[in-house]
Each structure stands twice: as structure tokens, then as C-alpha cells.
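Subject: Structure handover and notes

Hi there,

Here is the structure I promised to pass on to you. Please have a look at it first, and then read on for my notes.

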Amino acid sequence: MCGVAWLAFTPHPPPQADTGWDKANHALAFAVMALAARLGWPAARAATLAAALAGYGVLIELVQAVVPGRSAEPADVLADLAGVTLVLGLAGWWRRRAGN
């Protein structure tokens, strides 16, 4: 979360951390956090993890609204949620498949 916050709040993130498309950056960052959350809290409900990460995404956008060189975009939150949904959905499928 700290790494994502730094990337989100720095006026000029390093080009090595850029996929070339802002929405893909958001989806990838939140997919990684969703995977870490699922692995860190395996007994947590997916909806709880998704809600926490969605709240974090909204918080990032609110802060970006006042950071020079950054802007807040509702579509970024949707991209965040796409990454979260993909990973938590795949994790749920994997757990059902494995019989856990």
C-alpha cells in the first residue's frame, strides 16, 4: 500500500513503473494489493477485502485532487475495482476448484 501511495502521490512517478496506460497502472496496482490481501487474510470475505481496497482507491483519488501535477478521476477508481475484481474472482474460483 505504501508503494502504491508513493506512486499515486508523487508528481512524476518513475517511467519504469508505467505500463503506458494510466488505467492499466491502476488495475495492476490494485490487483497486486488484492492478491496480497487475499494471501494475508485467507479467511476474510472477498466483499470485505474489495470494500477496503475500494475505499483506499477513493482515498487516493481524493488526495490526488489536491496534489500538484496530479488529478482525481472517477474512472481510476473503476480501474482499481477492475483489478480487485479480477484477482478476487480468480482467487475464489481457485479455492472452489481446489475444494478449500
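This is a predicted model: local features need pLDDT of at least 70, side-chain atom pairs count only at pLDDT 80 or more; totals for chains, interfaces and linings use all residues.

**The nonpolar core**

The largest nonpolar core has 15 residues, and within this set Phe30 and Tyr56 touch the most other members. Helices α1, α2 (22-40), α3 and α4 each contribute at least two residues to this core. The largest share comes from α2, with five residues.

Val4 is a handy place to start looking around here. Val4 sits in helix α1, which spans residues 2-9, and Val4 counts as buried because its relative accessibility is 16%. Leaving out residues up to four places away in sequence, Val4 touches Ala29, Phe30, Met33, Tyr56 and Ile60. Val4 and Phe30 are 26 residues apart in sequence, and their C-alpha atoms are 8.4 Å apart in space.

Apart from neighbours within four places in sequence, Tyr56 is in contact with Met1, Val4, Ala5, Phe30 and Met33.

Side chains of opposite charge can pair when their charged atoms come close. How many salt bridges does the model have? The count comes to three, and Asp22, Lys23, Glu73 and Asp76 are linked in a network of salt bridges.

Taking the pairs one by one:

- Lys23 and Asp22 meet through their side chains, with an N to O distance of 3.1 Å. Lys23 counts as buried because its relative accessibility is 18%, whereas Asp22, at 32%, counts as partly exposed.
- Lys23 also forms a salt bridge with Glu73, where the closest N and O atoms are 2.9 Å apart. Lys23 belongs to helix α2 and Glu73 to the loop between α3 and α4, so this pair ties together parts that are 50 residues apart in sequence. Glu73 is partly exposed, with a relative accessible area of 30%.
- Asp76 and Lys23 meet in a salt bridge with an N to O distance of 2.5 Å. Asp76 lies in helix α4 and Lys23 in helix α2, so this pair ties together parts that are 53 residues apart in sequence. Both Asp76 and Lys23 are buried.

Glu61 is part of helix α3, residues 46-64, and counts as buried because its relative accessibility is 6%.

As for its surroundings, Glu61 touches His26, Ser71, Ala72, Glu73, Asp76 and Val77, with residues up to four places away in sequence not counted. Two of these names, Glu73 and Asp76, are also in the salt-bridge network described above. The C-alpha atoms of Glu61 and Ser71 are separated by 7.5 Å, and these residues are 10 places apart along the chain.

Arg70 itself lies in the loop between α3 and α4 and counts as partly exposed because its relative accessibility is 23%. Leaving aside neighbours within four places in sequence, Arg70 is in contact with Leu7, Ala8, Phe9, Thr10, Pro11, Pro13 and Gln64. With Phe9, Arg70 has a C-alpha to C-alpha distance of 7.4 Å, although the two are 61 residues apart in sequence.

**A nonpolar patch on the surface**

Last, the outside of the model. Leu86, Leu90, Trp93 and Trp94 form a nonpolar patch on the surface, and together they have about 470 Å² of accessible area. Trp94 is found in helix α4, which covers residues 74-98.

Happy to talk any of this through with you.

Best wishes

Key: Residues are numbered from 1 along each chain as its sequence is written. Side-chain values use heavy atoms; hydrogens and water are left out. Patches are made of residues with over 30% relative accessible area and no salt bridge: like charges are joined within 9 Å, nonpolar side chains (Val, Leu, Ile, Met, Phe, Trp, Tyr) within 5 Å. Accessible areas come from the Shrake-Rupley method with a 1.4 Å probe; for residues, only the protein chains shown count as cover. A salt bridge is a side-chain nitrogen of Lys or Arg within 4 Å of a carboxyl oxygen of Asp or Glu. Helices (H or I, at least four residues) and strands (E, at least two) are DSSP runs, numbered from the N terminus. Contact means heavy atoms within 4.5 Å. Buried means under 20% relative accessible area, exposed over 50%, partly exposed in between (1.4 Å probe, protein chains only). A nonpolar core is a set of buried Ala, Val, Leu, Ile, Met, Phe, Trp, Tyr and Cys residues joined through side-chain atoms within 4.5 Å.
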